[in-house]
Amino acid sequence: MHSSTPQGTHVYVLTLENERKSACTISGTYTPPPGATRWDILGQLRVDAVRQYPSMEGGIVLYFSLEENCLAEPGVAP
């Protein structure tokens, strides 16, 4: 499977839960700006999640994953 859509350098999954026990999960790819930390990226993704799901304002993080968007080093056979 090959995608012609440009992808970010990292893959993320973020799940939030609000005080009413409703949850939402967002996922996708992201290219962090130079010097960004995992904490910076988590903060930005929380803002993005609340933008999409306003009821998640003030929600707690149930799950967060951020990994490089690659399976093997270029030129290295699996």
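1. In this predicted model, a polar atom of the Asn18 side chain lies 3.1 Å from the backbone oxygen of Ser55. A polar contact is a pair of N or O atoms within 3.5 Å; within protein, one must be able to donate a hydrogen and the other to accept it, and residues adjacent in sequence count only if both atoms are side-chain atoms.

2. Asn18 belongs to the loop that joins β1 (10-17) and β2 (23-30). Helices (H or I, at least four residues) and strands (E, at least two) are DSSP runs, numbered from the N terminus. Asn18 counts as buried because its relative accessibility is 4%; buried means under 20% relative accessible area, exposed over 50%, and partly exposed in between (1.4 Å probe, protein chains only). Leaving aside residues up to four places away in sequence, Asn18 touches Ser55, Met56 and Gly59, where contact means heavy atoms within 4.5 Å.

3. Helix α1 (residues 38-52) has 15 residues and spans 21 Å from its first C-alpha to its last, close to the 21 Å expected at 1.5 Å a residue. The expected span is 1.5 Å times one less than the number of residues. Within α1, Ile41, Leu42, Leu45, Ala49 and Val50 are buried; their cover includes β1, β2 and β3 (60-68).

4. The structure holds zero disulfides, a disulfide being a pair of cysteine sulfur atoms within 2.5 Å. Cys24 is buried because its relative accessibility is 7%, whereas Cys70, at 47%, is partly exposed.

5. Residues are numbered from 1 along each chain as its sequence is written, and side-chain values use heavy atoms, with hydrogens and water left out. Local features need pLDDT of at least 70, and side-chain atom pairs count only at pLDDT 80 or more, while totals for chains, interfaces and linings use all residues.
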